[in-house]
Amino acid sequence: MIHRLAVASIATAAALTFAASAAAEDHDHHVGTLQGLRVVHAWTRATDGGTAYVFCDIENSGARDAQLVGGDSAVGSDTALVGFRLNSAGEGVYEILPSVPVKAGGKMALMPEGAAIRLDGLGAPLKQGDEFEIELEFDTGHMEIHVSVEAPNARAHSHAGHDH
Amino acid sequence: MALSLWVDGLVVRSQRGRAILEIDRFTSEPGIRLGIRGPSGAGKSTFLHVLAGLLPRVEGSVRWGEHALTGRGAAGGDAARTGFRRAHIGMVFQDFLLFEELGAAANASIAASYAPAGERAAIRDRAEELLARLGIEPGQARTVRSFSGGERQRVAIARALAHDPAIILADEPTASLDRAAADRLIADLADLARATGKTLIAVSHDAALHRRMDRVIDIADGRLQRDEPVHA
Amino acid sequence: MPDILSDWWNLLAPGVQDALWFALLFAPALLTGVAVTRGYRPYGLAGAMLWRFRWASLLFALLIATSIGIGVGLIAQERALRQGTARAAEKFDLVVSAPGSEVTMLMAAVYLQPSDVPLLSGEIYDQIAGHPDVALAAPIAFGDSHAGAPVVGTTQAFIAHLAGDLLEGRAFADPREAVAGFSAPVAPGGRFTADHGIGDAVEQGAHAGHEYTVVGRMRRTGSPWDRAILVPVEAVWAVHGLADGHAPENAGRLGPPFDPAYFPGTPAILVHAEALWANYALQSEFTRADTMAFFPGAVLARLHGLLGDVRRIMSVLAIVTQMLVAAGVLTGLVILTRLFSRQLALLRALGAERRFVFAVVWCVAAALVAVGALLGVALGLAAAGIISRIVSARTEILIEASLAWPEFHLVAAFVSATILMALMPAAIVLARPVVPDLRG
């Protein structure tokens, strides 16, 4: 993986940008939309650890229901759709979800203590202000989205509330 | 194993450099019972401490048998002197210096707590044997806090002999005892030393003690005064 | 950490990781002990010294115990609160209410600390109940009380969801029947009337005409619902002079389906879906202008986060206290060893090596630390137990303090750190000259 060789955040950012542009050229789909599906405000928290959670708002303006089934990413070694649950020991745990539906004309929010895309095996720290790309996998196809890295304790996308 | 004592050109200085003890030459044969007399502050106890290797900085040479504590041939410094003490010297003090919180047997066998594992059992056995011989029940549970002075000093004697040293150094062993207890202690000490062939060196003001010694020396003003064989 | 080591570590079961981590934290104490006492038997003399200074020793051990107890108690208490509140909310997968504060709604619907909130309409209830992903949609109509216990209108299906089979008696089958929580102030066979409001705002006699008979009792849930009395939601509507949720042709019916036209409203609806994923979809779907949908577990996790932050700040203070206490105790020990210096000099005069005297003093310090730490664990657990009982009694949330690995990690780290620090007073003793100390 390119970013494993990166020693500074600048190098990491450059590598991620390179990966992003390469990915964009590879795909036919316009970044962020797919058959009436639109994904906005994708974000994650800055971390030095090996795991990050990606949150976003998914809107389905299409005529048919869609299913979010997972994701893929060059940033981590493993990408999964997960849901948060507080177990009876009072510990928050994320469990793998097979899919979540995004109804026609409806919305689905991936958010903290809710459903999220989990990136495991991060090779480099995520720094606030960085951006990277991941791929969301729907039953209807794939979609590349930009994820912006927010503060380590952020609760929402820094542009949340803006009308995109 | 009895050891002979050689002292040559010994000078002990105070921290300000004043000579508090000067002994040009002194020797004694193995197994002797030696009394040391002299006024308070004359240097008797200092001499005893030198013989025990307790003083780190002295001039001249002090030798027990082949083992030099100071001067030429002394090697290993403090650790070597400590090792020599542990192996060859038993000490008795004026105010007993027992561990008040421990019983008679634990006090008498204190050397077992720092002796090599192989010697511990022998030390404990000998301590109990000595206590019994000195008339103190070794199995009793009470601590030495409740003991009389005479009993305490007998525990101290058992402690001094439990590791079977060649030399016993006693510093005013009877000074804290009443006459009867002192007389009994003197007899015990002198008899035990004689019976086991150990060298006994006792600093004392007690004439009764000196009467039981083979030889008595006087120290005054930090110098050896005269040397008088008692049973000449 | 090299990848191979971290991969290996991540493969271990959490219990094994905790045990290894404990061993790692405790190892310095153990290794120091082995190295210091190797070849010696310093325990009798260390015991003699502890006994000689028994009151000071006791005070030192209690100081250490208190500082450790605070740290252990904080961790145990936080976990107990976390677990207790999580267990109490476990059955509340998703709650839908009118838009407002999630925390207020959580307190009202899950922990039965009601406040005045707008009602959800019959149409909204119907949309939720009729949703294909929804297995259970139960109205939770709180606001009345009896003898200080909340009287909540709901459905029999909710009771079964919350507490399973009844402990005794049967389900309510009539608007004048009620099912008591495990520790409610009424028992099967008893009769009562509900008062309007709860706590200080109660209006007695407002519902005097409607007398309930208790017909069943629920199993224990460890939540405030244990104190509650559950009645048919139709009865709550009836006593307030409202329609009873059913069309006139279905009069007398209890439970769903309700007729939206005759549904007077409910402050909250518990939603349960069979599949975990469906909860997220439902939450997104019912987050809209006229409804708020939230996961009590998620709100609780955020509150736990705040609790954890507070606990962490207090833990830092506790650790600072522990270190100050340790430093104080070890300084006190240096002073005590001066009082014991004649005995220590005696040991040197008798032929004990320096390292032995060092070992005796170190053993005294180590014994104080070890006894203090063990006492501290007991003290912390006892304090957390008492606080838990008080909180349980006040909130009906079952809170049980217990010991777990984090406390033992804390204690092991403290013991290792202080036992290493205890090398200092032991070393200070070595610097003392023998003959002057021997003369006393």
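Buried area is the accessible area, taken with a 1.4 Å probe, that two parts lose on being put together, summed over both. Keep that in mind as we walk through this model, which is a predicted one.

Let's start where chain A meets chain C. Between them, these two chains bury about 1700 Å², and 62% of that is on carbon and sulfur atoms. On the chain A side, Leu86(A), Ser88(A) and Glu113(A) supply 28% of the area that chain A buries against chain C, more than any other three residues. The contact draws on 25 residues of chain A and 21 residues of chain C. There are two salt bridges between chain A and chain C. Glu113(A) turns up again here: its side chain meets that of Arg302(C) in a salt bridge, at 3.1 Å from N to O.

What about chains A and B? No contact joins them, and their closest C-alpha atoms are 50 Å apart.

Next, have a look at how some helices pack. Two packed helices are described by the angle between their axes and the distance between the axes. In chain C, take helix α4 (residues 54-89) and helix α12 (residues 354-395): their axes are 5 Å apart and the helices pack at an angle of about 40°. That angle makes α4(C) oblique to α12(C). Sorted by class, the residues of this contact come out as 22 nonpolar, nine polar and no charged. As for handedness, α4(C) and α12(C) cross in a right-handed way.

Chain B has a helix pair to set beside that one. The axes of helix α5 (residues 149-161) and helix α6 (residues 179-196) of chain B come within 10 Å and cross at roughly 15°. So α5(B) is roughly parallel to α6(B). The crossing of α5(B) past α6(B) is right-handed. From α5(B), the contact uses Gly150(B), Gln153(B), Arg154(B), Ile157(B) and Leu161(B), while α6(B) brings Ala181(B), Arg184(B), Leu185(B), Asp188(B), Leu189(B) and Leu192(B). By class, that gives six nonpolar, two polar and three charged residues.

Finally, a couple of backbone spots to check. Most residues other than glycine have a negative phi, and most peptide bonds are trans. His41(A) has a phi near 55°, a positive value in a residue other than glycine. You'll find His41(A) in strand β2 (residues 37-45) of chain A. Over in chain C, a cis peptide bond joins Pro256(C) and Pro257(C), with omega at about 0°. Where is Pro257(C)? Look in the loop between α8 (233-239) and β10 (268-273) of chain C.

Notes:
Residues are numbered from 1 along each chain as its sequence is written. Chains are lettered from A and ligands numbered from 1 in the order in which they are written. This is a predicted model: local features need pLDDT of at least 70, side-chain atom pairs count only at pLDDT 80 or more; totals for chains, interfaces and linings use all residues. Side-chain values use heavy atoms; hydrogens and water are left out. Axes are lines fitted to C-alpha atoms, for helices over the stretch in contact, and angles run from 0 to 180 degrees between N-to-C directions. Helices (H or I, at least four residues) and strands (E, at least two) are DSSP runs, numbered from the N terminus. Angles under 35 degrees count as roughly parallel, over 145 as roughly antiparallel, 65 to 115 as roughly perpendicular and the rest as oblique. A crossing is left-handed if the near helix is turned anticlockwise from the far one by less than a right angle, and right-handed if clockwise. Contact means heavy atoms within 4.5 Å. Ala, Val, Leu, Ile, Met, Phe, Trp, Tyr, Cys and Pro count as nonpolar, Asp, Glu, Lys and Arg as charged, and the others, Gly among them, as polar. A salt bridge is a side-chain nitrogen of Lys or Arg within 4 Å of a carboxyl oxygen of Asp or Glu.
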